[in-house]
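Please study the sequence and the structure before working through each solution.

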Amino acid sequence: MLSKRSNPLSPRTFLSGTLGALVAALLVIVAMVLLGEYTKTRGRLLLTFLDLASFCLSAIPPSALLRRGRLLPVAWTGLVASGAGFVLVATGIWVTPDSDAYWKTTAIVSILAASTLQASWLLLLTPVRSLVLRLLWAVMGVSLLAALLSVAGIIGEIRPAAYWWVVFLLVLAGVVGSLALLAVALRSKTGAIAED
């Protein structure tokens, strides 16, 4: 096993990747402005760097979970999904495959990356109260249901707006629940610090 210091899958590595990709994207924008020309290649470079930044960002919580040695299947799934998502989207940017199956696969892998990002982030919280623990599992359940319905909708090519409204509301509930958990976790930490 790699030491924490030399581990290439550490959160610091992915944070550096995110910041580096954003700087590279900014440089591409500056080049376009200075040269006064938008080309297909520069546009693809810009999208590739933004893609890299987003998938590096999505790998930070799974890598933190991996570093803690907790729930390793979730951590590894998140890292693999983030890497595969980057490769699929970047390939789509440069090769532009004209295949529904390719883009469906890319969407499913991207949903998996986003879902494991949220699950890893929630699992990094260490709630002590049973009510908070129940909320955590409820948020994870709602988010998992939203991800499963999204994947089923993509595979089954479900078109009715009502179906996608349900998915949207589940995603919204997952986001609001995650923010509520973050607020509770921050409040608990500040309360513990104040007591010291």
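**Exercise 1.** In this predicted model, determine which residue's side chain is joined to that of glutamine 118 by a polar contact, and describe the surroundings of glutamine 118.

*Solution.* 
Step 1. The side chains of glutamine 118 and serine 178 are joined by a polar contact of 2.6 Å.
Step 2. Glutamine 118 is located in helix 4, which comprises residues 100-124.
Step 3. The relative accessible area of glutamine 118 is 16%; buried means under 20%, and glutamine 118 is therefore buried.
Step 4. When neighbours within four places in sequence are left aside, glutamine 118 has contacts with Val139, Ser143, Gly174, Val175 and Ser178.

**Exercise 2.** State how many aromatic pairs are counted, and classify the pair formed by tyrosine 102 and tryptophan 103.

*Solution.* 
Step 1. The count is 3 aromatic pairs.
Step 2. In one of them, the ring centres of tyrosine 102 and tryptophan 103 are 5.3 Å apart and the planes stand at 90 degrees.
Step 3. Planes over 60 degrees apart count as edge-to-face, so the pair of tyrosine 102 and tryptophan 103 is edge-to-face.
Step 4. Tyrosine 102 is buried at 17% relative accessibility, whereas tryptophan 103, at 37%, is partly exposed.

**Exercise 3.** Classify the pair of tryptophan 165 and phenylalanine 168, and locate both residues.

*Solution.* 
Step 1. The ring centres of tryptophan 165 and phenylalanine 168 lie 5.5 Å apart with planes at 90 degrees, so this pair is edge-to-face.
Step 2. Both residues belong to helix 6 (residues 161-195), where they are 3 residues apart, about one turn of the helix.
Step 3. Tryptophan 165 has a relative accessible area of 53% and is exposed; phenylalanine 168, with 43%, is partly exposed.

Terms used. Residues are numbered from 1 along each chain as its sequence is written. This is a predicted model: local features need pLDDT of at least 70, side-chain atom pairs count only at pLDDT 80 or more; totals for chains, interfaces and linings use all residues. Side-chain values use heavy atoms; hydrogens and water are left out. Helices (H or I, at least four residues) and strands (E, at least two) are DSSP runs, numbered from the N terminus. Buried means under 20% relative accessible area, exposed over 50%, partly exposed in between (1.4 Å probe, protein chains only). A polar contact is a pair of N or O atoms within 3.5 Å; within protein, one must be able to donate a hydrogen and the other to accept it, and residues adjacent in sequence count only if both atoms are side-chain atoms. Contact means heavy atoms within 4.5 Å. Rings of Phe, Tyr and Trp (its six-membered ring) pair if their centres lie within 6.5 Å; planes under 30 degrees apart count as stacked, over 60 as edge-to-face and the rest as tilted.
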